[in-house]
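Dear colleague,

Here is the structure I said I would pass on. Please look it over first; my notes follow below.

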Amino acid sequence: MPLRQKKIIETGIDKREGIKDTHKISKIIVYIAIFLITVAGTGICSFFMGHELVYIIRNCVVAGIGAGVIICLMAQAYENDLFAYDNKDHTERFLLCYIVTILTTFVCCLLPAGGWTFLPIFVLLALFSNYAIGICSGSMLLIICIMLSGAPVEIFFLYFMSGVVAVCMFRGLDESYKVGIPIVVSLLLLIVNITAEIVLFENSKLNMDMFMIPMMNVIISCILLIAILKVFSYLVIFKYRERFMEINDPECPLLVQLKEKSKDEYYKAIHTAYLSDKIAKKLGFDDKVTKALGYYHRIGCLKGANTWETVYEIGMEYRFPPMVLDGLKEYLEKGSKIIHKETAVIYFAEGVVNSILFMIAKDKNAKLDYDEIIDNVFKTKKENTSFLQCELSVKELNQMKKIFKEEKLYYDFLR
């Protein structure tokens, strides 16, 4: 291996090891902070609310146990990669959310039970960790609020049910960003639960004034929920949207360089990206990642060798999103297995494009049987050991082949 490539690999390994060490230190800091903030905050709030010493101790012990459970869940999620989205690499975001929500909890304990805004608390904590941690931490803060305020224990179940349903409704939020129905369902259940709290647990005669605080709760919860989702979409869901728009532009400077270096490689990349993008959209795969893989799976030619080490160097220089780098590594690294569906798409797309271009180069006027060419490509590619562990189902594989065969007019354009 050339010395320069070896240095690149070693540098990449060093960076990854450094990142792991940083994450390890940061998560320990987060664990300690969660415990101290929970126990100290509960104790201080209990003191200023005039609780007796025995109740202050009780509140602190319960808060400490709850914080310990949250820390254990976080540690397990970290070790087993159970965090949702990219939350594993950003535990500081959860800590910030936790600080905001525990301060909100201390404010809520000063309000009537009908005005507690726990629905957005559950959702916020779940989105920036995972649904189990979100439910557990939201429940623990709700218990603290009930202990501090002296509210009846029945209130816990009303807000707990609202929070759990809301977390489940927003679980698996993706770039389709379908939040309308989850918001409506969550708020409707909150209204039902708050109304039940008023009707069942208020001893006085019902009147309109009794519904003022609960209605304000619903309005504020709705506003907070929308704000939380906006922040979450910006930080997580659409984090790489602008970068994908730049690198998936055919006029991207990197692709322009490839065209100047080798028109053949450039047009192969363009054709592969077009077919890959079309298949990904029809099969419901991540079309942005697939298109980027199609464009840049041969970009190493710019530096003389299309190896993973060379492509990694270019990808880091041009700030490729991590999922693109992962796909390129799967496809290019020696001994690597093709696992993800997006990588499998370009695996077959490149084979089809190369086969057709090869046949055209042999005889430009030859009448090609595209169905036969595609069948042969699929047969050869499926027998490759690197493809055996792919997540692609047999049904999806057959659908992909069918889409390739429907593109005969496009293949004629390759002439």
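Which residues are buried in helix 13? They are W308, E309, T310, V311, Y312, E313, I314 and G315. Buried here means under 20% relative accessible area, exposed means over 50%, and partly exposed lies in between (1.4 Å probe, protein chains only). Helices are DSSP runs of H or I with at least four residues, numbered from the N terminus. Helix 13 covers residues 308-317 and is mostly covered, with eight of its ten residues buried. After helix 13 comes R319, which has a positive phi near 55 degrees.

Some notes on the source. This is a predicted model, in which local features need pLDDT of at least 70 and side-chain atom pairs count only at pLDDT 80 or more, while totals for chains, interfaces and linings use all residues. Residues are numbered from 1 along each chain as its sequence is written, and side-chain values use heavy atoms, with hydrogens and water left out.

Next, the cores. A nonpolar core is a set of buried Ala, Val, Leu, Ile, Met, Phe, Trp, Tyr and Cys residues joined through side-chain atoms within 4.5 Å. The largest one has 67 residues, and I34, M74, Y98, W116, F118 and L141 touch the most other members. Two or more residues each are given to this core by helix 1 (3-48), helix 2 (53-79), helix 3 (91-108), helix 4 (118-127), helix 5 (131-149), helix 6 (154-169), helix 7 (180-201) and helix 8 (212-237). Helix 5 supplies the largest share of this core, eleven residues. Another core, of 61 residues, lies apart from it; Y295, I299, C301 and I338 are among its members.

In helix 6, the buried residues include I155, F156, L158, Y159 and S162.

Where is V324? It is found in helix 14 (residues 322-332). V324 is buried, with a relative accessible area of 0%. Leaving aside neighbours within four places in sequence, V324 is in contact (heavy atoms within 4.5 Å) with F244, A292 and L293. The C-alpha atoms of V324 and Y296 are separated by 9.1 Å, and these residues are 28 apart along the chain.

Is I65 buried or exposed? I65, which has its place in helix 2, is exposed, with a relative accessible area of 54%.

Regards
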